[in-house]
Amino acid sequence: MFVGDDWAEAHHDVELMDASGRRLAKARLPEGVAGMARLHAMIAEQVGDLAEEDVEVVVGIETDRGPWVPALVAAGYTVLAVNPLQAARYRERLGVSGAKSDAADAHMLADMVRTDSHQLRPVAGDTDRAEAVKVVTRMHKTLIWERTRHTQRLRHTLRDYFPAALTAFEDLDAPDALELLTKAPDPASAAKLTIGQIRVVLKRARRHNMADKAAQIQAALRARHLGQPPAVTAAYAASIRALAAVLLTLNAQITAMRKEVEAHFGRHPAAEIILSQPGLGAILGARVLAEFGDDPDRYASAKARKNYAGTSPITRASGKRKVVTARFVHNDRLIDALIAQASTAISVSPGARAYYDKQRARDADYNAALRQVANRLVGILHGCLKTGALYDEAIAWSHRERLA
């Protein structure tokens with residue numbers, strides 16, 4: 001039996017289908033225990049008197065997280081997480097009108113797992129510890145992204161009415177910059193700040209060379225710039241206070257989540273192997289573990305892990321034309337961590353550096369060469385995880401073909 005489950009914010013549209021493609025039942029089920037119980041009842045009604053071992057229930061759903069997914073797995077169903085891009089392409093295969101509804105998507109997902117289940121990836125059987133690492137690392141990274149966005153908003157706002165602040169503060173999201181902007185969010189009040197007031201804030205932020213930095217900040221804040229009318233300046237100042245308050249909160253929560261990431265990652269059995277890899281510390285290592293997962297059967301080979309990572313190239317061949325390009329469809333969080341690892345690894349690992357230099361000698365640009373280093377490091381990590389061995393510089397690069 002095949003089940004298509006189209007998940008929305010508060011409900012699930014499901015359709016049950018047999019092996020011939022005939023619809024057996026459909027319903028809109030609520031989120032939570034009540035909806036899951038109703039789904040079990042629908043399946044049981046269709047199974048009837050057949051022995052349980054004679055029936056396989058395959059569920060296609062456009063997500064791999066949320067309370068329904070582990071509940072479906074725990075019930076003994078085969079759960080296939082369908083990539084939204086795959087679902088969109090399959091929808092076009094069934095019809096080109098562009099029409100879309102939740103009920104139609106449930107039908108499409110059921111038909112997709114009926115005909116193409118061999119092409120779809122089952123939901124990974126990650127451990128609870130790996131799932132916990134994923135939750136905290138994703139939140140930590142999300143908060144960092146939010147801080148970057150709010151810092152850019154702060155920068156653009158200051159440019160409109162208070163450009164002197166951009167000269168005075170190198171890091172707008174730093175605690176001392178945010179505190180001074182909160183105290184003096186407009187040119188007039190900032191020009192009145194004394195060296196002593198600025199030094200107190202710098203000392204609280206544990207800055208070095210406080211005397212010189214305080215003098216530089218004061219000089220920049222007192223420099224003459226074009227400004228805005230008083231009423232407009234007051235409105236901008238209120239906006240700056242609000243943005244500074246948000247950034248201060250984000251800074252505090254990023255620090256708190258970092259501690260959570262380190263704690264959860266440190267308790268995982270694979271942490272020692274991952275930390276032995278060049279370029280991976282606790283935070284990047286936790287992100288790599290979180291996005292790869294720890295299901296030992298998820299990646300049949302190093303190539304499969306590289307393909308999921310998005311580090312391996314893809315080939316487009318047609319006739320006499322053959323083009324090799326980077327993969328642009330990938331897990332953004334994972335590729336971000338792997339490229340960061342590679343950029344550090346070429347400084348600390350002689351083998352990674354030699355491999356990077358080899359790619360540059362082939363006229364690969366910086367990004368392409370770094371991606372190739374990341375691809376090689378993924379293969380090495382795969383070998384270490386499969387064998388349970390710590391990273392060894394000599395073995396990794398002298399036998400890279402075997403480990404990759």
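Helix 5 (128-161), helix 6 (163-168), helix 9 (195-204) and helix 11 are among the elements that cover the buried residues of helix 7. Those buried residues are Asp 176, Ala 177, Leu 178, Leu 180 and Leu 181. Helix 7 itself spans residues 175-183. The model is a predicted one. Side-chain contacts follow below, from charged pairs to aromatic rings.

**Salt bridges across the chain**

- The count of salt bridges comes to 14.
- One of them joins Arg 28 to Asp 13, with the closest N and O atoms 3.1 Å apart.
- This pair links distant parts of the chain, 15 residues apart. Arg 28 belongs to strand 3 (residues 23-30), and Asp 13 belongs to strand 2 (residues 11-17).
- Asp 13 counts as buried because its relative accessibility is 7%, and the cut-off for buried is under 20%.

**Salt bridges within a helix**

- Asp 111 and Arg 114 meet through their side chains in a salt bridge of 2.8 Å, N to O.
- Both residues lie in helix 4 (residues 102-116). They are three residues apart, about one turn of the helix.
- An α-helix has 3.6 residues a turn, so residues three or four places apart point the same way.
- Asp 111 is buried, at 12% relative accessibility. Arg 114 is partly exposed, at 25%.
- A further salt bridge brings together the side chains of Arg 258 and Glu 262, at 3.3 Å from N to O.
- Arg 258 and Glu 262 are four residues apart in helix 11 (residues 230-266), so about one helical turn separates them.
- Arg 258 is partly exposed, with 40% relative accessibility. Glu 262 is also partly exposed, with a relative accessible area of 35%.
- Some salt bridges share partners: Asp 13, Arg 28 and Asp 102 are joined into one network this way.

**Aromatic pairs**

- There are seven aromatic pairs by count.
- Tyr 299 and Tyr 308 form a tilted pair. Their ring centres are 5.9 Å apart, and the planes stand at 50 degrees.
- Tyr 299 is buried, at 2% relative accessibility. Tyr 308 is partly exposed, at 21%.
- Tyr 356 and Tyr 366 form an edge-to-face pair. The distance is 6.3 Å centre to centre, with 75 degrees between the planes.
- Tyr 356 lies in helix 16 (residues 350-361) and Tyr 366 in helix 17 (residues 366-387), so this pair ties together parts that are ten residues apart in sequence.
- Tyr 356 is buried, with a relative accessible area of 6%. Tyr 366 counts as partly exposed, at 39% relative accessibility.
- Tyr 161, Phe 162 and Tyr 236 form a cluster, linked by ring pairs.

**Charges over rings**

- Arg 298 places its charged end over the ring of Tyr 308, 4.7 Å from the ring centre. Tyr 308 is also the ring that pairs with Tyr 299.
- Arg 305 places its charged end over the ring of Phe 292, 4.9 Å from the ring centre.

Definitions and conventions: Residues are numbered from 1 along each chain as its sequence is written. This is a predicted model: local features need pLDDT of at least 70, side-chain atom pairs count only at pLDDT 80 or more; totals for chains, interfaces and linings use all residues. Side-chain values use heavy atoms; hydrogens and water are left out. A salt bridge is a side-chain nitrogen of Lys or Arg within 4 Å of a carboxyl oxygen of Asp or Glu. Helices (H or I, at least four residues) and strands (E, at least two) are DSSP runs, numbered from the N terminus. Buried means under 20% relative accessible area, exposed over 50%, partly exposed in between (1.4 Å probe, protein chains only). Contact means heavy atoms within 4.5 Å. Rings of Phe, Tyr and Trp (its six-membered ring) pair if their centres lie within 6.5 Å; planes under 30 degrees apart count as stacked, over 60 as edge-to-face and the rest as tilted. A charge sits over a ring if NZ of Lys or CZ of Arg is within 6 Å of the ring centre and within 35 degrees of the ring normal.
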